[in-house]
Amino acid sequence: MVNVPAAAIDDAQGSAVSGEDQDGLQINALDVEGQDLLASVLDRINDGVLALDTQSRVVYLNPRATQILHRSLAELRGKNVWAEFPDAVDHPVYAQAQQAMAEQRPINATFFYPPFQRWFENRIYPSHDGLTFYFTDVTEHQQAAQERQQTEQLRVELNLLETTLESILAGYWDIDFAQGINYMSPGLKRMFGYDDADLPTEVDTWQRLIFAEDLPPTLACMDRHIASHGVEPYYNEVRYHHRDGSTVWVLCAGRVIEWDDAGNPLHMVGCHVDITRLKEAEAKLQRSEAHLREAQRIGNLGSWTFELATERILWSDQLYRIFGLSLDTVLVNFEDLQQRFHPEDRERHRQVVDQLLSTHEPYDEEFRIVRPDGTEVMINVRGETLCNDQGVVTHLTGTAQDVTQRKRAERQMEEISLRLSVALDSGRIGTWTIDLQTEAVTWDDRLLHIYGLDHGPTSLGEWLQTFHREDLPLLEADLVRVLSGAQPTSQTLRFFRQDGELRWVRATALMETDASGQPWRMIGTMIDITEAKLAEEQIRQTSAQLEASNRELEAFAYSVSHDLRAPLRAIDGFSQALLEDYGDRVDADGQDYFRRIRHNIQRMGQLIDDLLRLSRVSRAAMHYQWVDLSALVQEQVAELQRDEPERCVDLHLTPDLTAWADRTLMQVVITNLVQNAWKFTSHHPQAHITFGQTQQDGETVYFLQDDGAGFDMAYANQLFGVFQRLHNTDEFPGTGIGLATVQRIIHRHGGRVWAEATVEQGATLSFTLPLRSALAEAQP
C-alpha cells in the first residue's frame, strides 16, 4: 500500500485527464482499491514524481523519478532530500520549494540542473502534510529550442555580417562540403566584377578566379587548417582576376565550423577583404623606401632617430654601412654610440647634442668615427629636435653623410692648388682673365712681375698695345678663334716692357660659357720664355758649331782611313818583300824583328778599324725594333765554334730574350761581349758561357757570364775606357776598344752597363735597355 500525499494525487489526476483543472479537487480518503489504482497510474507516467513530508523527508518516488535521480525509493524513504542531494541546496529549486511551502501555492519553473546535465520542467505543489515535485525531462525540447534560436540568431548575425563586410569592401562565403555548394555573397561577386547570378555555386568556382600561381599555396593552407582540425588558421593574401582583366588583391580568412564524426569538414565559412588599394599603397611605399635606400646608398647618406625617454636609437641601413656595422647590431644607448666616435671628437659631439637639447637649434657638424676594423671615416652630421603637442622634446633626428672622399678630395685640391701655385711661381707663369661683357682685364702678381708693372691694363685694347706690332695679327686671329669656340690656343709672342726691353712669352687662352652657352669670360696664361729663346739661339749657334766639328771629324776619319792606311800598307808590303827576297841573308833574330813589325802594323790597322767603328756608333741613326738577343748570342757562338772547332764551350742560353732596340748596334754589342767571353775562357779546357735575364729593382737586366780569367774589381772603372786593357796582349789579344764601343751603344739606348768579376773565376757583363727611353726616341 502506497501513502501518496493528496497533492500528488491531484497532479496525477490532472495528467490523466489531460489538463483539466483540478486545483479545487480535495480527496480526504480513498479505499484500498482506489489507492492501488492511483499508484498504478503514477508508475506508468513518463514524468517523475517526488513526495516529501513537512520535514522534507522522502515518502514517495515513482519509477520515472527513480530513473532520473538514479536513486530508489528504498534508498531514499524517510531521508531528508536536501541532505541526499546537497548540490540542490545552492540551486534555485531549493528556494522555489521553500517559497511554495511558505506561501502554500504551486510554483512552476524550467531549469538546468548541472549535476545531471539535463533540463527539467518542474512543478511544486504544497499541502498541509508536505510537498510534491512533478518534474519532466525537457532537455531535448530545450536543446531544439536553443538550436532554433541559435540558427535564427546565426541567420541574423550572418545578414549583419554580410552587410558589414560589404560596407568595408569585403565579401562573405559559405562552403557546404556535403552538398558541394559554395555560397558567395553578392558583395563578394561584385568585388570581382560579377552580378549575383553570374557565378555558379560550385565549391571550386573560386579556384577558376584566383591566380594560377596563388592557388597551390592557398589549397595547401586550407589542407593544413583541416588537418589540424582548425588549430592552424586559414589565412591568405592572394590575387584574383577581375572581370575587366585587372588584378584584385584579397585578404582571405575562414574557418571550418562543423565536422562529421570522422573529423571531415562539413561546413566552412569565411570572408574576402579587398586589399587592392592597400597593396598598391604598400607597393608604392616599398618603391619609395627602395628609392630612399638607393638614394642614401648613392649619396652615402644615412638617417637616424634618438628617443629621449628610452635612449632607443634607430638607424637606416646606409648608416650601419657608414659605421661599418652589420644590420643586426644593436646600439644600447647614447654612451654606446659615443664609443663609435673618434676619441678626440667624443666630447665635442656630446657638447653639440647637449646644445641641441637646450636651444632646439639645428646643428650641422663634422666628426670622425672609427669603424670596427680601425678605419677612420669623416661624417657630416645634421640634427634637430622633434616635440610633442605640449612642446616637449621627445626625439632627436637627423642625417649622417660619409664625407671622407670629399674631405680627401678637398685636401687634394688644396695640395694641387698649392703645388700649382708653386709651379706657377717657379715657372714664372702668369694668369689673366678678360670679362667679355665689360672687357675688364685682370692680372695676377706673377704676370705683373713678368711685365715689370705695379698694375695691369684696364682694358683689352690697352693690353694689346704692349705687343710687338708684327705679332698683333697673329694674336688677334687667335682671339677670334677662341671666341668662336675653337680649342685653346698657344702662341709665342713678343711684348715690350715698360722699360722698353723686348721679351718673349708663350701665351695660351680658352673661353668659358655661361649656362645658356654664351661666351662670358676668357682666361689664359703667359710664360716668360725670354731666357729659353736666348738659350735656343745659343743652342742653334752651338749646333752649327757642332755640325761643323762633325764635318771636320768626318774628314779626319776619312784621313785616318785612307791617309794612315797607305803608309801602313807600304811598310807591311816592304817588310813582306824583304822577308821573301832577303830572308836567307837575315838571321833568326832579324826575321823575328820583321814578324814583329808586321804584327804591329796589323794591330795598328785593327786599331784604326775599331776607332772608325766607334766613331760610326756615335753618329749612326738608330732604328728601333724588337730584337731577339738570344738569337744574336746563338749566332755569334756558332760562328766562333766554326772558327775554333777544337774549343770545348758549354753555352747556357735563355731563349727568346727580346729588347726594343737598334738591331745593328745590338749586334755589335752582342758580338763584342761574346767574343770577350770566348777570348778570356780560351785558357780553360772546359768553358761555360751563360746568357740570361733577371729583374733588379723592377728593372730588366740582361747579362753574359763566363768562367774565364776574370779581373781585379779594383780596376773595374778602367774596363770601358778606350785603349784600356786589364790583361797583356801577349796573353789575350785585343785593342781595348770593344767594351768602350759596348758602353757607347748602351748609353745611346738610355741604358747602363757594368761588370763584376773575380780573378780566374770569371766575369759577368750586365746591361739594361729601358723600353720607355727607346719608345720615346723611336717616335717620328
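This is a predicted model: local features need pLDDT of at least 70, side-chain atom pairs count only at pLDDT 80 or more; totals for chains, interfaces and linings use all residues.
**Group meeting: strand E27 and its surroundings**

In strand E27, Ala 763 is the bridge partner of Ala 757. Residues are numbered from 1 along each chain as its sequence is written, and side-chain values use heavy atoms, with hydrogens and water left out.

A few overall values. The protein chain has 23 helices and 27 strands; helices (H or I, at least four residues) and strands (E, at least two) are DSSP runs, numbered from the N terminus. Of its 780 residues, 37% count as buried. Buried means under 20% relative accessible area, exposed means over 50%, and partly exposed is in between, with a 1.4 Å probe and protein chains only.

Back to E27. Strand E26 (residues 753-758) runs antiparallel to E27 and is joined to it by six bridges. Two strands count as paired if DSSP finds at least two bridges between them. E26 and E27 form a hairpin with three residues between them, and Glu 760 in the turn has a positive phi of about 60°. E25 also pairs with E27 in the antiparallel sense, over five bridges; here Tyr 702 has Phe 767 of E27 as its bridge partner.

Is E27 enclosed or open? Six of the six residues of E27 (residues 762-767) are buried, so the strand is largely enclosed by the rest of the structure. In a regular strand the side chains alternate between the two faces of the sheet. In E27, Gly 762, Thr 764 and Ser 766 are buried on one side, and Ala 763, Leu 765 and Phe 767 are buried on the other.

Next, Phe 767. Leaving aside neighbours within four places in sequence, Phe 767 is in contact (heavy atoms within 4.5 Å) with residues including Leu 629, Met 666, Leu 673, Ile 746 and Trp 754. The largest nonpolar core has 40 residues, and Phe 767 is among those with the most contacts inside it, as are Leu 629, Met 666, Leu 673, Ile 746 and Leu 769. A nonpolar core is a set of buried Ala, Val, Leu, Ile, Met, Phe, Trp, Tyr and Cys residues joined through side-chain atoms within 4.5 Å. Helix H21 gives the most to this core, with nine residues. Apart from it lies another core, of 25 residues, Phe 306 and Phe 323 among them.

Now the helices. The axes of H21 (residues 663-680) and H22 (residues 738-748) come within 9 Å and cross at roughly 145°. Axes are lines fitted to C-alpha atoms, for helices over the stretch in contact, and angles run from 0 to 180 degrees between N-to-C directions. On the H21 side the contact includes Met 666 and Leu 673, and on the H22 side it includes Val 742 and Ile 746.

Last, two loop residues. Most residues other than glycine have a negative phi, and most peptide bonds are trans. Asp 697 has a positive phi, near 55°. Asp 697 lies in the loop between strand E24 (687-696) and strand E25 (699-706), and is exposed, with a relative accessible area of 84%. His 70 has a positive phi of about 60° and is not a glycine. His 70 is found in the loop between helix H3 (63-69) and helix H4 (73-76), and counts as exposed at 62% relative accessibility.
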